Amino acid sequence: MNQILPGLWAIDEIGSVVNCFLWEWAGGLTLIDTGMPSSVHTILDALTTKGYALHNVRRIIITHGDIDHAGSAAKLKRATGAVVGCHSVEKVLLEQPAKRVPASPMYRPIFALVRLLPQFNVLPVTPDELYIDGQQTPEGFTVIHTPGHTPGHISLLHREKRVLIVGDALNNRGGKLQLPPPIFTPDMTNAQRSVWKLAKKYGEDFDVMVFGHGAPILQNGGSKVRSLVAQIFPESV
Ligand SMILES: [Zn+2]
């Protein structure tokens, strides 16, 4: 595991395709996202190697119901006894993973075929907690509804630590801050509006940003998002 800041770890053992995170706080451990369906043992090994008892994982927050974020949620819930939380709108994707389809109908048959392979088979999980925009979690996160990539996508802001857990509302692939990929983002207009919301409503509240995809940004995250928004919406500045 790689410490991003005190209390926040990237579980980098699962590889570089996608990131998931561990948040350590007074109430125990919280996992944010769960990698691919094949990531379960790697995540459990990373926790035990670090000396954490699995039952100390009390909550698993899913930023959105994609295969690379909710992939191991069902198995990790079973292994740890943690509660699983997501946005109320995303509930359907956790319970019925096959409902997640790519933006273009052209790719839908490929998605359906790939799901037949065991390593891409996401087990359904019933969330125990459903969040709404602006809700506070016991860890001190403000849940920010950032739809577009999926309808119930969330980002998590920890104001005290000035960190934003972005999910896939933005990527930092190759060190370039950018919108999520269009083929996996059925509602790009809302994806853009979500970034606008992060910049305008919360842009003063965070410096560190961690992403589902790409390396973390450790400084000036808020101003970087505001600069991106100025490019996307030149009329707004
Ligand atoms: Zn992703």
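The largest pocket in this predicted model has a volume of about 450 Å³. Here a pocket is an open set of points on a 1 Å grid over the protein atoms alone, where a 1.4 Å probe fits, with protein on both sides within 12 Å along at least five of seven lines; a volume is the space filled by probe spheres set on the points. The pocket is lined by 20 residues (those with an atom within 4 Å of a point), and Asp66, Ile67, Asp68, Phe111 and Phe184 lie nearest its centre.

Residues are numbered from 1 along each chain, and side-chain values use heavy atoms, without hydrogens and water. Local features need pLDDT of at least 70 and side-chain atom pairs count only at pLDDT 80 or more, while totals for chains, interfaces and linings use all residues.

Side chains of opposite charge can pair when their charged atoms come close. The whole structure holds 9 salt bridges, each a side-chain nitrogen of Lys or Arg within 4 Å of a carboxyl oxygen of Asp or Glu. One of them joins Asp66 to Arg100, with N and O 2.3 Å apart. Asp66 sits in the loop between strand 5 and helix 2, and Arg100 in the loop between helix 3 and helix 4, so the pair ties together parts 34 residues apart in sequence. Helices (H or I, at least four residues) and strands (E, at least two) are DSSP runs, numbered from the N terminus. Both Asp66 and Arg100 are buried, meaning under 20% relative accessible area (1.4 Å probe, protein chains only).

Another salt bridge links Asp128 and Lys77, at 3.0 Å. Asp128 is partly exposed at 43% relative accessibility, between the buried limit and the 50% above which a residue is exposed.
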